[in-house]
Amino acid sequence: KRILLLNGPNLNLLGRREPTHYGQTSLAEIEHSLQTMAASWGWELACYQSNHEGDLIDLIHQAMDFVDLIIINPGAYTHTSIALRDAFSGTAIPFIEVHLSNIHSREEFRHRSMLAPLAIGQISGFGAHSYTLALEAARNYLESR
Ligand code: DQA
């Protein structure tokens, strides 16, 4: 299987950014451990991070014919981006939404996700482990279809 891991704005700062919310692990470390996990199943995992909404949309479009599932942490675009949501509805690529922090226990403006209604599911609140859980969920989803 082919999986795309997308990370949105400010997630390049992971490990240095508000560690009480987002932990000490860097994005490179997260990507590396997911790649190791995917490879152990014979799966391919491509990883991208962008601070630009349009770049993320382009990556989703390009993935349309190549990728079985997307794991995405859309960062703050979670709460604002109708365009990202439309990219998922337009391509119909199954996806899992991931957050390091529990967005439901934080400020009110983080409670709503524009994407979650279209997602297979949302994983939120487990720090870097949220990504590992998402990859496990992806395996379960793709192998039970
Ligand atoms: C986040 C939660 C968002 O509200 C925030 O804007 C982020 C990170 C998380 O992983 O917990 O950038 O998606």
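Predicted model: local features only at pLDDT ≥ 70, side-chain atom pairs only at ≥ 80, totals over all residues.
Q: Why is histidine 99 called buried?
A: Histidine 99 has 25 C-beta neighbours inside 10 Å, and because the cut-off for a buried residue is 20 or more such atoms, histidine 99 counts as buried. This residue is found in strand E4, and, leaving aside neighbours within four places in sequence, histidine 99 is in contact with Asn73, Ser124, Gly125 and Ser130.

Q: Why does tyrosine 22 count as partly exposed?
A: Tyrosine 22 has 19 C-beta neighbours inside 10 Å, and because a residue is buried at 20 or more and exposed at 12 or fewer, tyrosine 22 falls in between and counts as partly exposed. Tyrosine 22 is found in helix H1, residues 19-22, and touches Leu14, Arg17, Leu100 and Ser101, not counting residues up to four places away in sequence.

Q: What makes the "active site" positions a cluster in space?
A: An unreviewed UniProt entry places the feature "active site" at Tyr22 and His99. Although these positions are spread over 78 residues of sequence, they cluster in space, with a largest C-alpha distance of 9.0 Å.

Q: How do you know that the "binding site" positions do not all gather at one spot?
A: The unreviewed UniProt entry places this feature at Asn73, His79, Asp86, Leu100, Ser101 and Arg110. These positions span 38 residues in sequence, and the farthest two C-alpha atoms are 24.4 Å apart, so they do not all gather at one spot.

Q: Which residues surround the ligand, and what is their make-up by class?
A: The ligand is surrounded by Asn10, Asn73, Gly75, Ala76, Thr78, His99, Leu100, Ser101, Ile103 and Arg110. By class, this shell has three nonpolar, six polar and one charged residues.

Q: Why are histidine 79 and aspartate 86 described as partly exposed?
A: Histidine 79 has 16 other C-beta atoms within 10 Å and aspartate 86 has 14; because the partly exposed class lies between the exposed limit of 12 or fewer and the buried limit of 20 or more, histidine 79 is partly exposed, and aspartate 86 is partly exposed. Histidine 79 lies in the loop between strand E3 (69-73) and helix H4 (82-91), whereas aspartate 86 is found in helix H4. Leaving aside neighbours within four places in sequence, histidine 79 is in contact with Phe109, Arg110, Arg112, Ser113 and Met114.

Q: How do you know that the span of helix H5 is close to the expected value?
A: Helix H5, residues 129-143, has 15 residues and reaches 21 Å from its first C-alpha to its last, close to the 21 Å expected at 1.5 Å a residue.

Q: What makes the buried residues of H5 line one face of the helix?
A: The buried residues of H5 are Ser130, Tyr131, Ala134, Leu135 and Ala138. Seen down the axis of H5, they fall within an arc of 140°, so they line one face. An α-helix has 3.6 residues a turn, so residues three or four places apart point the same way. What covers the buried residues of H5 includes strand E1 (2-7), helix H2 (27-40), E3, strand E4 (95-99) and strand E5 (121-124), while the face turned away from the buried side carries the exposed residues Glu136, Asn140 and Glu143.

Terms used:
Residues numbered from 1 in each chain as written. Near = placed C-beta within 6 Å. Nonpolar A, V, L, I, M, F, W, Y, C, P; charged D, E, K, R; others polar. UniProt positions renumbered as here; feature names shortened; annotations may be inferred. Helix = DSSP H or I, 4+ residues; strand = E, 2+ residues; numbered from the N terminus. Contact = placed C-beta atoms within 7 Å. Expected span 1.5 Å × (residues − 1). Arc of directions from axis to C-beta.
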